[in-house]
2 protein chains.
Amino acid sequence: MYKLLKKSNISKARNGVLKTAHGDIQAPFFMPIATKAAVKTLTIADIENLQAQIILSNTYHLYLRPGLDVLDDFGGLREFMKWNGPVLTDSGGFQVFSLAGTKSRKDDLVKIKSNGVEFRSHIDGSRHFFTPEKVLDIQKVIGSDIMMILDICTANPATHSQAAKDLATTLDWARQAREYYEKQDFADQNIFAIVQGSIYEDLRKKSARDLVALDFSGYAIGGLAVGETHEEMYKTLDFTVPELPENKPRYLMGVGRPENIIEAVRRGVDMFDCVIPTREARHGRLYTWHHDDLTQADFYRNITITNAKFKTNKKSINPTSKFVELREYSLSYLNHLFDTHEPLALRLATLNNLEFYLQLMEKIRKRIDEDKL
Amino acid sequence: MYKLLKKSNISKARNGVLKTAHGDIQAPFFMPIATKAAVKTLTIADIENLQAQIILSNTYHLYLRPGLDVLDDFGGLREFMKWNGPVLTDSGGFQVFSLAGTKSRKDDLVKIKSNGVEFRSHIDGSRHFFTPEKVLDIQKVIGSDIMMILDICTANPATHSQAAKDLATTLDWARQAREYYEKQDFADQNIFAIVQGSIYEDLRKKSARDLVALDFSGYAIGGLAVGETHEEMYKTLDFTVPELPENKPRYLMGVGRPENIIEAVRRGVDMFDCVIPTREARHGRLYTWHHDDLTQADFYRNITITNAKFKTNKKSINPTSKFVELREYSLSYLNHLFDTHEPLALRLATLNNLEFYLQLMEKIRKRIDEDKL
């Protein structure tokens, strides 16, 4: 599934290609987030124009809405949302822990049992039970090219004993998932395991080794970008990534800012997703290029378009964008759209930030190719 | 400015062309609403693809945000929002009365004086004063192709004496506006007067005659679609429109549903604007064609896409739309987008409804040409 194309001479960064049933993906890559079967404010034509290679959706959200009956009727998520490319779905474990408990006291609503996790819907409070097998069944209906297994995302900070306890459960579930995947017909669907273990070196290494022994299609590193420092995150990558096989893709879940992505690529990571570009867009925070040298800290700039100083700035939002609306509309106009709560503001800012992130990945691949990263 | 092309044999309906500095407009026509310098959720490319001939914006809103400094700096609204076609701006009188009072007791906030109206901004409570001359000055900065004069939109229901009192003020203001327009250099900008008089025949006729005597570029009929019955509205048109000159365009402000537009066209109206297609879109109410015979009551259908019955409907939103997203996405998917509060829902529904309204006007012009309406 993963073919290594080029290793950088100056870091652990690598270029490769991920082959899926719905298209090849040049790695390292970033996955725009379509949690609920839509990248917020954008059409599929927009996603195609952005040249996104793959999108990410979410098992927990799709299971609740539109539900499996609808997805099954359409033959999967891709036909439902009219996306022709590959799809990765998170297993929903993270959402069960972060969302399902929000209606009341979490302890009442999310119960981890040996064979899975019981939770209540954050929408209507209805009771559900996810097992390692069930989340794969759901992802089969969704038709994900890359399925993630059910895991426990250990909260940060966590004691060593709590992290070890969560890890034991996660490993049990990984074994069950791997067995189920072997027995059932998942055809062209890939299955990724998730390395956990908080920031503890012994736990992360054990987690990686145990999962590698089970032979998954790829390996995610979960439980980061949950409140630890950047240094802790980088250190965790430093001792975790070398445990993962070179011929399998490595996915750092939920990370991050451009500089975090670059640091992770330097440490051998291939795959990324993050809400930052789309969520910050909706708050008027724009990513813009300053220069092309990714080794300098100031290669990009954030601007807060809602700042009053943009009220009279007649410059283009992005004069070199492939989107005519970003080339033609001014910063002043975008400031006005945010100021007056016009929904068009969200679309323009989202396009701007996703274009930036996808350009970032393209530049990263080029720099690796040139041994400059 | 208005050239009559064809009068229907079977009604007072007429085809014509309105010539403006920024393009000719085939009448009867509908103006999509860009109150605050944007048609909600749409880009200018969308408006162009919809083949909208003219858009409507609002003096009160633009005056407050982005403000005259910004608009002046851009050389007007068209450059600010990148729209190449003609623009009509409402004078803001209606908004002063309907919005400016919403922060507290209206009586304290909106004061009609003989020479204009004092109001507080609905945004920050700041005090402002609009005179008949000032709203023209503002519309000059905006660069409107069609400027509306300041008027008092009499509330419904109104006593004859209240309506007569408002009308006297409105006529005074119209005289002042007409004089100011004559004295100042408004170049290619047209100026429209607004016939008021509630539903009283004598007042409407007097208003029309007085304004016609002042010789404006065109005549609007205001103070309708404010709560009166459809029969009252049609009756008012029946005795008002014949008072207006044949060689000037007639604009029914704020109307309405497709059947209201058709009835008004039958009575000789040329121009329309209404929030219905865009506002109802945002509440999931879609306009769809049933058949082409506009003389039958059931030529269109409204569907409420949020209705659970659409959850599993795999049919296209509109298989004959010029927008690929409306052809390709299913009703089921749109139902899901509304259900999950995805902002893309608003864009799709808005495109659908504006396409319907603009097609409606095209069909109306064709039917008039064929003496079938």
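Two strands count as paired if DSSP finds at least two bridges between them. Strands are DSSP runs of E with at least two residues, helices are runs of H or I with at least four, and both are numbered from the N terminus. By these criteria, β2(A) and β3(A) form a hairpin with two residues between them. Strand β2 of chain A covers residues 14–20, and strand β3 of chain A covers residues 23–27. The two run antiparallel and are joined by five bridges. Within this pair, A:Val17 stands opposite A:Gln26 of β3(A).

The model is predicted: local features need pLDDT of at least 70 and side-chain atom pairs count only at pLDDT 80 or more, while totals for chains, interfaces and linings use all residues. Residues are numbered from 1 along each chain as its sequence is written, and chains are lettered from A and ligands numbered from 1 in the order in which they are written.

Chain A contains 15 helices and 16 strands. Its radius of gyration is 20 Å, close to the 21 Å that the globule rule gives for 373 residues, so chain A is as compact as a globular protein of that length. The radius is taken over C-alpha atoms, and the rule is 2.2 Å times the number of residues to the power 0.38. Along the principal axes, the C-alpha atoms of chain A fill a box of roughly 60 × 50 × 40 Å. Of the 373 residues in chain A, 53% are buried. A residue is buried if 20 or more other C-beta atoms lie within 10 Å of its own, exposed if 12 or fewer do, and partly exposed in between, with C-beta atoms placed from the backbone. Two residues are in contact if their C-beta atoms, placed from the backbone, lie within 7 Å. Among contacts in chain A between residues at least 6 apart in sequence, 64% join residues at least 24 apart.

Two residues were examined individually. A:Val212 lies in helix α9 of chain A, which spans residues 201–214. A:Val212 counts as partly exposed because it has 16 C-beta neighbours inside 10 Å. Its contacts, leaving aside neighbours within four places in sequence, are with A:Glu243, A:Leu244 and A:Pro245. The C-alpha atoms of A:Val212 and A:Asp202 are separated by 15 Å, with the residues 10 apart along the chain.

B:Cys274 sits in the loop between β14 (271–273) and α12 (276–282) of chain B. B:Cys274 is buried, because 23 other C-beta atoms lie within 10 Å. Not counting residues up to four places away in sequence, B:Cys274 touches B:Gly254, B:Val255 and B:Gly256. B:Cys274 and B:Ile33 are 241 residues apart along the chain, yet their C-alpha atoms are separated by 7.1 Å.

At the interface, 33 residues of chain B are in contact with 33 residues of chain A. On the side of chain B that touches chain A, α3 (68–74), α4 (77–81), α13 (324–328), α14 (331–339) and α15 (344–369) of chain B each supply at least two residues. The most comes from α14(B), with five residues. This side of chain B divides into 16 nonpolar residues (Ala, Val, Leu, Ile, Met, Phe, Trp, Tyr, Cys and Pro), 11 charged (Asp, Glu, Lys and Arg) and six polar (the others, Gly among them).

Two copies of a chain are related by a rotation about an axis and a shift along it. The same surface serves both copies, as 100% of the contact residues of chain B recur in chain A.
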